[in-house]
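Here's a quick briefing to read alongside the sequence and the 3D view.

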Amino acid sequence: MIRLSAAEMAAKLSAGETTSVALTQAHLDRIASVDADVHAFLYVDIEGALAQAAAIDAKRAKGEKLSPLAGVPLALKDVMAQKGIPTTCGSKILEGWRPPYDSTVVSNLKKNDIVILGKTNMDEFAMGSSTENSAYGPTHNPWDLTRIPGGSGGGSSAALAAFEAPLAIGTDTGGSIRQPAAVTGTVGVKPTYGGVSRFGLVAFSSSLDQAGPCARTVLDAALLHEAIAGHDPKDSTSINAPVPQVVAAAKSGDVKGMKIGVVKELNGDGYQAGVRARFEESLELLAKTGAEIVEVSAPNFEYALAAYYLIAPSECSSNLARFDAMRYGLRVGDVDGASAESVMNLTREVGFGKEVKRRIILGTYALSSGYYDAYYGSAQKVRTLITQDFTNAFTKADVLVSPTCPTTAFKIGEKANDPLAMYLNDIATIPVNMAGIGGMSLPSGLADEDGLPVGFQIMSPVMKDERMYSVGAALEAALLSKWGAPLLDKAPIMGGAK
Amino acid sequence: MSSLSRDDVAKLAGLARIEMSEAELVALSNEFTVILDAVARVQEVAGADVEATSHPLPLRNVFRADVVVPSLTPEEALSGAPAQEEQRFRVPQILGEE
């Protein structure tokens with residue numbers, strides 16, 4: 001049962017062939033059997049999940065009209081506030097903190113009767129591409145436990161690939177939904193900025209952060225997307241417009257006559273041979289489904305990574321100032337006569353990990369008087385140029401495509417001491433965040449040289465998210481008929497459960 | 001070539017309210033030489049004629065009706081406090097003795 005898609009699970013629930021309690025218990029059992037190896041979860045809410053499932057079963061028994069995903073379990077990235085449930089963001093500074101309120105994403109999940117199994121591991125405050133920056137230890141890729149599951153949302157992607165949950169929530173500031181999806185053979189979507197509320201999402205870089213759906217199929221991602229999206233008065237950057245019709249797009253998968261733009265700059269040198277081979281193969285399949293493949297150029301994308309590593313640290317240096325040991329979280333050094341400043345200094349020394357400190361210091365520097373124009377100011381100008389490149393490209397194509405990442409999953413520890421090498425993982429995903437547009441990654445096969453999953457990225461204009469779902473569904477169907485079975489069937493079977 | 005000395009990093013760490021060991025200060029100073037060179041590339045294309053973008057959406061003020069709505073209780077608001085006293089956050093000394 002745990003290997004079904006969320007849509008199939010929902011169909012079984014509404015047909016009365018299973019109950020949400022049984023489905024939830026099956027996933028809790030799976031977590032108990034494999035998570036010691038995978039470490040996707042930081043907290044499993046056994047009682048809460050079963051109670052929520054029982055309440056949903058009771059509603060269904062009474063004949064209440066339920067939402068499409070009612071009763072299906074989900075894994076929640078630990079950056080989302082959930083009332084009464086530990087929310088750490090992978091950081092020691094928030095260890096033991098239980099939020100007194102729900103994020104809007106969590107409220108929407110509860111409204112849609114989606115069962116929340118627990119909180120998933122992540123790079124501390126979503127800063128990283130491997131989940132190695134979690135203060136609670138790394139998550140392991142179910143395809144090869146010695147490799148990274150991507151980051152920052154590696155717990156969510158690993159939970160999907162290990163069949164510990166059919167759905168998950170991620171957040172994507174520079175690729176933290178799409179890159180983990182790519183390296184675990186799962187689907188991840190970063191909606192248009194403002195499409196999903198940021199209220200209760202612990203802020204890393206406010207102008208880039210966006211929550212979105214993670215799943216094993218394009219349709220499942222679309223169903224979850226519609227459940228969590230929509231205008232929220234509690235987020236002043238939330239877009240007040242109807243949610244794009246992504247479920248209809250994922251169901252039809254019609255791309256006849258669509259123009260698909262291949263971004264020249266997001267390929268070639270630096271991209272692994274197997275990544276390029278799977279990308280070319282996917283383009284051929286899309287051409288056969290009736291789409292027209294065109295080449296587009298985005299000359300300023302080569303500056304995106306540099307701009308990102310100024311903008312995101314700058315915003316984080318400001319956002320993370322709230323962790324000051326005064327109102328919640330860790331407090332260190334509060335001895336008689338200690339000043340507030342010394343308590344802050346000592347708490348932040350102990351509470352933050354290496355990468356978070358590195359970015360706070362970099363951001364503090366980039367924003368400081370005398371350097372602001374040269375660094376943060378210049379990065380903001382690059383942001384304009386990248387947005388213009390997208391605007392130009394979208395006059396020639398309906399969606400843009402590229403490999404999601406330059407390589408497949410690397411070994412845990414391989415890049416841990418080389419921040420620049422780590423940052424290069426996000427080279428193809430970052431431009432999307434800079435412009436606030438939508439981006440999806442879906443599996444396009446395995447690289448011949450290492451047998452590991454490769455991701456295919458689709459980018460769509462602001463609030464045209466349905467386009468990436470149409471193309472994603474078309475490609476997914478073409479690949480499925482080529483493979484004869486979902487890609488995850490090729491992953492090692494863990495824990496013996498089928 | 002850009003660089004940050006050990007003392008520059010110490011100044012920034014002070015501004016950011018992060019206590020750092022001597023080893024950390026030196027390590028970060030070395031790393032920043034490489035990182036700053038990489039990010040300084042933005043200056044190659046950031047001409048005076050290019051507008052800056054701070055945010056992907058055209059930001060505007062968002063207002064709501066001035067109506068009281070349910071909020072956190074004092075107990076809820078204080079539920080994560082490292083220390084509390086008389087329904088308030090208890091914090092370390094903020095002002096000097098004098």
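Is A:Thr131 buried or exposed? A:Thr131 is buried, with 34 other C-beta atoms within 10 Å (buried takes 20 or more such atoms, exposed 12 or fewer, partly exposed is in between, and C-beta atoms are placed from the backbone). This is a predicted model, where local features need pLDDT of at least 70, side-chain atom pairs count only at pLDDT 80 or more, and totals for chains, interfaces and linings use all residues. Residues are numbered from 1 along each chain as its sequence is written, while chains are lettered from A and ligands numbered from 1 in the order in which they are written.

- Most residues other than glycine have a negative phi, and most peptide bonds are trans.
- A:Thr131 isn't a glycine, yet its phi is positive, about 65°.
- A:Thr131 sits in the loop between β3 and α5 of chain A (helices are DSSP runs of H or I with at least four residues, strands are E runs of at least two, and both are numbered from the N terminus).
- A:Ala325 is buried, with 26 other C-beta atoms within 10 Å.

**Where chain B touches chain A**
- On chain B, 44 residues are in contact with 59 residues of chain A (contact means C-beta atoms, placed from the backbone, within 7 Å).
- Elements of chain B giving two or more residues to this side are α1 (6–15), α2 (22–39) and α3 (74–77).
- The largest share, six residues, comes from α2(B).

Notes. Contact = placed C-beta atoms within 7 Å.
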